[in-house]
Amino acid sequence: MLRAPNVGPVPDFVYHVCIAFLKSGVLSEVFRLDPAHAVRYRPPERATPRFTAPRGAAGRQQAFGEDALTKPDRTNPEVEALRARVSALGEAALRISAGLDIDTVLRDAVESARTLTGARFGMVATVDEAGRPQEFLTSGLSPEEAQQAAAWPDAPRLFEILRGLDGPLRLADLGDHVRSLGLAPGLVPCRTFQAAPMRHRGLDVGNLFLGEKAGGEPFTDEDEEVLTLFAAQAAIAVANARAHREERRARARLEALVDTSPVGVVEFEAASGDPLSVNREARRIVKSLLGPDGSLDELREALTARLADGREVGLDDLKDAETLRAAEVELSVPDGRSMRVLVNATPIRPSDGGIESVVVTIQDLAALEELERLRMDFLAMVSHELREPLAAIRGSAVTLLEEADEIDAAETRAFHRVIVEQAGHMRRLVGDLLDAGRIEAGALSVSPEPLDVLGLVERARTTFLGAGGRKAMTVDLAPDLPPVMADGRRIVQVLGNLFANAARHAPETSPIHVAAVRQGIEVAVSVTDEGGGIPPERLPHLFRRHSHAAGHGRGAAGFGLGLVICKGLVEAHGGRIRAESAGPGLGARFTFTLPVAGEPGAAPATGTATRDTRPPGKDREAVPVLVVDDDPETLRHVRDALEGAGYAPVVTGDPEAVPALIRTNRPQLVLLDLALPGADGVVLMETVPELADLPVIFISAYGRDEAVARALDRGAADYVVKPFSTTELLARVRAALRRQAGAEPFVLGDLAIDHDLRRVSVAGRDVRLTPKEYGLLRVLSLNAGRVMTYASLLRQVWGNGADGDTAPVRDFVKKLRRKLGDDPADPAWIVNERGVGYRMRRPEET
């Protein structure tokens, strides 16, 4: 260890190693030295520098020259050992300080410390700024020992105690120390042990541990110094790696935000006019004007831009405009194709005041123009629908006032009835408008309570018939239906809209069929008619607000808002609604689901069920969620919904970026589009190793049963059909994360797994499992129905899936089956997929 200057001159080799440490920041952390001193200090001039070697057995003191440390000395093993030790220290310190991958840095630190101290094993545990555990790595331990150390329940408490020490700790017996702290035994059995806190600029980063010095000898002062040096070096490297990772995340988020923006963005170099970067929407605009093979360079030559004042300019003129704000421009090319866009131009100025580049944004106005057209059509329809009952009310009132002497009492009552009925009709129309507005604003509230399905159907049928419904109705409810969590008034409204919809599109003589069955933790209620049916291409548009105005016809009364309101109300309960039809002339069936009362995932008892409004904070860390979709509008909608609910969305439209984003951001859930450019979402889920360990929810415009079944059968956690509401999306995200965390007990026949208590039982009998066996069973149960490959199981349970050795998985599955009583020849729970891996059956398979 470096001491006071009285020690005399030191060899240049040692000096240079110390300078390397000092410049890397290690010594400044350990000894509070100023790194600037490294450039001011020079070794003293001396003809023959000398170094006092350790005293030998005979008490002699050997003197030697400077070359003794820089050249191998076969006659002096102590000098040679010192030279090798200092060299190894310097190389390890420089290697660690240069690393930016946290796992690599930590592994280098713990392995180097082990090598230089002769320890059998080492461990390193890190924490974030809030003290939450992060990385945990071991070196020198067997897989079973490493699993035991990671699963020890008192490990976080011990690490916290050791982080609170002022300096390193050396122990002759770790077990005695653990017991003296009141902690349960369970860490790796060992006697000699030393630990050092990892701190950077006064903040705790983690702990570095070494155990069992070779030959059972105690750790020395020199070993403690080595451990302290590597703990400080690792702390600096971890801080640098985390800063680098955050910078990469911020850059990736910004790039993804720009690339997936629904507005075209192009950056031009000021001097040459060449495009420096072009986002996806800008490329789409180029291709829509020039065709699939068109380029921005071709567009610069062929494009004509007509400004609002009638002037025609080229693309370079728009680029050369120093500042352009919200200019409405019509872009056209010689073959007659054109597009109306909104253009902004902003110069980028460096510190010298010139213009380095120009950022031009181009927003296609076609979608806004279509929305405006639909809005005008909708307003025209509203005016027409309100005019009819208003005319009937006015006509009846005028007749009663002007011809009262000429009509009898029966006719007077008839006119009064018309006024009351038409006023009620107007009230319902206005109510539909208000409900649709609340759904769109995310402000629709429900107050669910346990209710009987039969009672809800009877109330809706009575209301429908009492309002003049003339249809026959058959009711077929499965026996022993459980109560559901429902707001009675709102679900009666849903059923009433579906009854009215069926009555309007079916012959007078055909009945309406109502049925209900239990499906897992939900009850599915369906309303079927024998009417004109629905063309397949119109099914995805039925629940959109403007589908009636756009010619998609089938909807509930008035403005075509009935189905829109049904969808919003059902999703506010945590359910889903869908329409099915075999085609024109073959009738239609509308099915919605409600959660069973008392089951996990049931809707809350009161309040708004449209958004998860819990803000992120100390009690709720922002959960990272990866969103992969090539549609910018969907990405923006999903990103805003997740951010509003306190999640941390990471978005991309590039399927090739998925592995790197997963490794960098470590999401806990993936929302994946089924159809991506050049990639099938299901194939991507099966072939990308990083996706194999995460729950995947598909988001797709393909709502056909075959597409949904294919995704779920291949292991998807859920499937959401576009368009979807914020309520439905967040409910499915929460459910998938609950399943992934194991918050819900897993029950498969006689097998029951309580993940919170780590308790496994078969037919009520507790089964004792080792940590590895339980870890394997947990991964299989959390992915029930999904084939878990050998590589995925090795990665999730053993921490390494790259070596290809499937023997550990096979051996532990054999042990697990034996303890559970699962017959390999006819397995009830764990199924072997030959050559691939294993699959846990789904509960509905039993």
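Predicted model: local features only at pLDDT ≥ 70, side-chain atom pairs only at ≥ 80, totals over all residues.
Which residue lies in the loop between helix H7 (143-151) and helix H8 (155-163)?

**View 1. Pro-153 sits in the loop between helices H7 and H8.** Helix H7 covers 143-151, and helix H8 covers 155-163. Pro-153 counts as exposed because its relative accessible area is 66%, above the 50% cut-off. Leu-183 is 30 residues away from Pro-153 in sequence. In space, the C-alpha atoms of Pro-153 and Leu-183 are 9.4 Å apart.

**View 2. Four strands make an open antiparallel sheet.** The strand order is S29-S30-S31-S32. Strands S29 (746-748) and S32 (765-766) form the edges, and each pairs on one side only. Three bridges join S29 to strand S30 (residues 751-754), in the antiparallel sense. Leu-748 has Leu-751 of S30 as its bridge partner.

**View 3. Helix H27 lies across S29, S30 and S31.** The helix spans residues 771-782, and strand S31 spans 759-762. H27 runs at about 100° to S30.

**View 4. Ser-781 is a buried residue of helix H27.** Its relative accessible area is 5%. Ser-781 therefore falls under the 20% cut-off for buried residues. A polar atom of the Ser-781 side chain lies 3.0 Å from the backbone oxygen of Arg-778. Leaving aside residues up to four places away in sequence, Ser-781 touches Phe-746, Ile-753, His-755 and Met-840.

Definitions and conventions:
Residues numbered from 1 in each chain as written. Heavy atoms only, no water. Helix = DSSP H or I, 4+ residues; strand = E, 2+ residues; numbered from the N terminus. Buried < 20%, exposed > 50% of the residue type's maximum accessible area, 1.4 Å probe, protein only. Pairing = 2+ DSSP bridges. Contact = heavy atoms within 4.5 Å. Axes fitted to C-alpha atoms, helices over the stretch in contact; angles between N-to-C directions. Polar contact = N/O pair within 3.5 Å; in protein donor to acceptor, adjacent residues only side chain to side chain.
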